[in-house]
Amino acid sequence: MTELFLLFLSSIFVHNILLSRFLGCCPFMGVSSKSETARGMGVAVVFVIVLASLMTWLTYNFLLVPLHLEYLYTLSFILVIAALVQFVELALKKLNPTLYKSLGIFLPLITTNCAVLGVAVLNMNEGYGLAESLVNALGSSLGFLLAISLMAGIRERIESNEGIPECLRGLPMALITAGLMSIAFMGFNGIIK
Amino acid sequence: MDFMHVIVEPLALMGIMGGVFGALLAVASIVFRVHQDERIGLIRAALPGANCGGCGYPGCDGYASGVVNDGAATNKCSVGGAPVAQKIAEIMGVKAEAAEPMRAFVRCKGTPEASPRLADYDGVRDCRAAATVPGGSPNACPFSCIGFGTCVSVCPFGALSMENGLPKVDLDKCTGCGVCVSNCPKSVLTLVPRKANIVVACNSHWKGPMVRKVCSAGCIGCGLCAKNCPVQAITIDRDLAVIDPNKCIGCGRCVSKCPTKCIAADQACTPLEQTA
């Protein structure tokens, strides 16, 4: 139990998927200019990563391992994730239109997001069991939500700041901010493990 | 054996996985099909696609579904104007309601020369932010245009520009969507019918002497215009002249009588030219 909890914390803070593993940086820059959309994206990522981790774990352990075709994991994980996201989108649209409205537009964006594939591959490389995989997935995706929400909050504030030199406004400042945030998150290094 | 394991098995696995997922998705798309009214697509295609939000819906998609699902009026799209309203009405099978073509109008003549600034505002250069300072405005007249050009930056059609501290409306580009109106914290910008040629360019409800103190071009509520109007189109509402565009015949008598010249014949707007 303690180990699972530590894994959970370490995947949120110490090994934050955006700020220390540098996975999924595209939405981190692209969808972080407004807190509202950033939150939507973050929640959708939590949803998809947890589901995808479950599915890829099953695929790996019950399909690839028995057939001794482990080397096909990239291909099959991409296939599983893409089909899963498409399926979830279709199902949500019918079964829960409210949730579809808040997540729907972000779901197709996540299909090919490397954070999703990254977590699945990490689970496999570390040899996690099902419980550990799910905890790692939840922690990593919550870390994504945390980082992108923080980033959006900061970007909203610096957007209208007149003190920033013109050449640095917008994306350059966002990249510098991301770097500083990353350094700050590196401070968690060594707390766990 | 080697051949089987190296080539056939991976191919078969991937093929089967792909086939199964494809079939699942095909089934899911039938099971979870959401019936969408085909009129939504037709209306969406008829709309100009500016996504300005002037209709009050989030973008053209929102308006299209609003018309079909919530029974929104067919003439809400000010960008498309009468032709689009006509098309939407045809799709919906109802009679088109005539849309009065509108345009933005600046209800202020408080240039820095006419109306002094009270304070040096050093915050975010945005009217919406500046309007939150104590007193409601860095200007002496709290009703006046703050002049930081928020309207210019929000206009989706590039129809506004700042000239001598006040926004200027380019009538060729203005579609009357009203985005500037909803973003102007002082309600200086307003929508008036395109045919309205004579408009009161002041927004102040203060009494005459107080207006005099803060602005040389403001409406002092003297009522000369109302007295001289041959068709009683002008009323004084809390010390501000209001012209009813439906009654106004454009004779221009009020323009010549107004002591502060805040009633203007907006000659740039030739009446009824763009309304066809």
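Student: Why are helix 7 of chain A and helix 8 of chain A called roughly antiparallel?

Tutor: This is a predicted model, so the angle is computed from predicted coordinates. The two helices, residues 114–125 and residues 130–159, pack at about 150 degrees. The cut-off is over 145 degrees. The angle passes it, so helix 7 of chain A and helix 8 of chain A are roughly antiparallel. Their axes lie 10 Å apart, and the crossing is right-handed.

Student: Which residues make the contact of helix 7 of chain A with helix 8 of chain A?

Tutor: Helix 7 of chain A brings A:Ala115, A:Val119, A:Leu122 and A:Asn123. Helix 8 of chain A brings A:Ser133, A:Asn136, A:Ala137, A:Ser140 and A:Phe144. By class, that contact has five nonpolar, four polar and no charged residues.

Student: What makes helix 2 of chain B and helix 4 of chain B roughly antiparallel?

Tutor: Apply the 145-degree cut-off again. Helix 2 (residues 38–46) and helix 4 (residues 81–92) of chain B pack at about 170 degrees, with axes 9 Å apart. That angle is over the cut-off, so these helices too are roughly antiparallel. They cross in the right-handed sense.

Student: Which residues meet there?

Tutor: From helix 2 of chain B come B:Arg39, B:Leu42, B:Ile43 and B:Ala46. From helix 4 of chain B come B:Val84, B:Lys87, B:Ile88, B:Ile91 and B:Met92. The classes are seven nonpolar, no polar and two charged.

Student: How do you know whether A:Phe77 is buried or exposed?

Tutor: Count C-beta neighbours. A:Phe77 has 21 inside 10 Å. Buried needs 20 or more. So A:Phe77 counts as buried. The residue sits in helix 4 of chain A. Leaving out residues up to four places away in sequence, A:Phe77 touches A:Thr56, A:Leu117, A:Ala120 and A:Val121. A:Val116 is 39 residues from A:Phe77 in sequence, with 9.6 Å between their C-alpha atoms.

Student: Is A:His68 buried or exposed, and how do you know?

Tutor: A:His68 has 9 other C-beta atoms within 10 Å. The limit for exposed is 12 or fewer. Therefore A:His68 is exposed. Its place is the loop between helix 3 (35–67) and helix 4 of chain A.

Student: Why is B:Lys261 put in the class it has?

Tutor: B:Lys261 has 13 other C-beta atoms within 10 Å. That count falls between the limits of 12 and 20, so B:Lys261 is partly exposed. B:Lys261 is in the loop between helix 10 (253–257) and strand 8 (263–265) of chain B. Phi is positive here as well, about 60 degrees, although B:Lys261 is not a glycine.

Student: What makes up the side of chain A that touches chain B?

Tutor: In total, 15 residues of chain A are in contact with 16 residues of chain B. Helix 4 (residues 73–95) of chain A gives the most to its side, with 10 residues. That side divides into nine nonpolar, three polar and three charged residues.

Student: How confident is the predictor in chain A?

Tutor: Chain A averages a pLDDT of 87, and 98% of the residues score at least 70.

Terms used:
Residues are numbered from 1 along each chain as its sequence is written. Chains are lettered from A and ligands numbered from 1 in the order in which they are written. This is a predicted model: local features need pLDDT of at least 70, side-chain atom pairs count only at pLDDT 80 or more; totals for chains, interfaces and linings use all residues. Axes are lines fitted to C-alpha atoms, for helices over the stretch in contact, and angles run from 0 to 180 degrees between N-to-C directions. Helices (H or I, at least four residues) and strands (E, at least two) are DSSP runs, numbered from the N terminus. Angles under 35 degrees count as roughly parallel, over 145 as roughly antiparallel, 65 to 115 as roughly perpendicular and the rest as oblique. A crossing is left-handed if the near helix is turned anticlockwise from the far one by less than a right angle, and right-handed if clockwise. Two residues are in contact if their C-beta atoms, placed from the backbone, lie within 7 Å. Ala, Val, Leu, Ile, Met, Phe, Trp, Tyr, Cys and Pro count as nonpolar, Asp, Glu, Lys and Arg as charged, and the others, Gly among them, as polar. pLDDT is the predictor's confidence in each residue, from 0 to 100.
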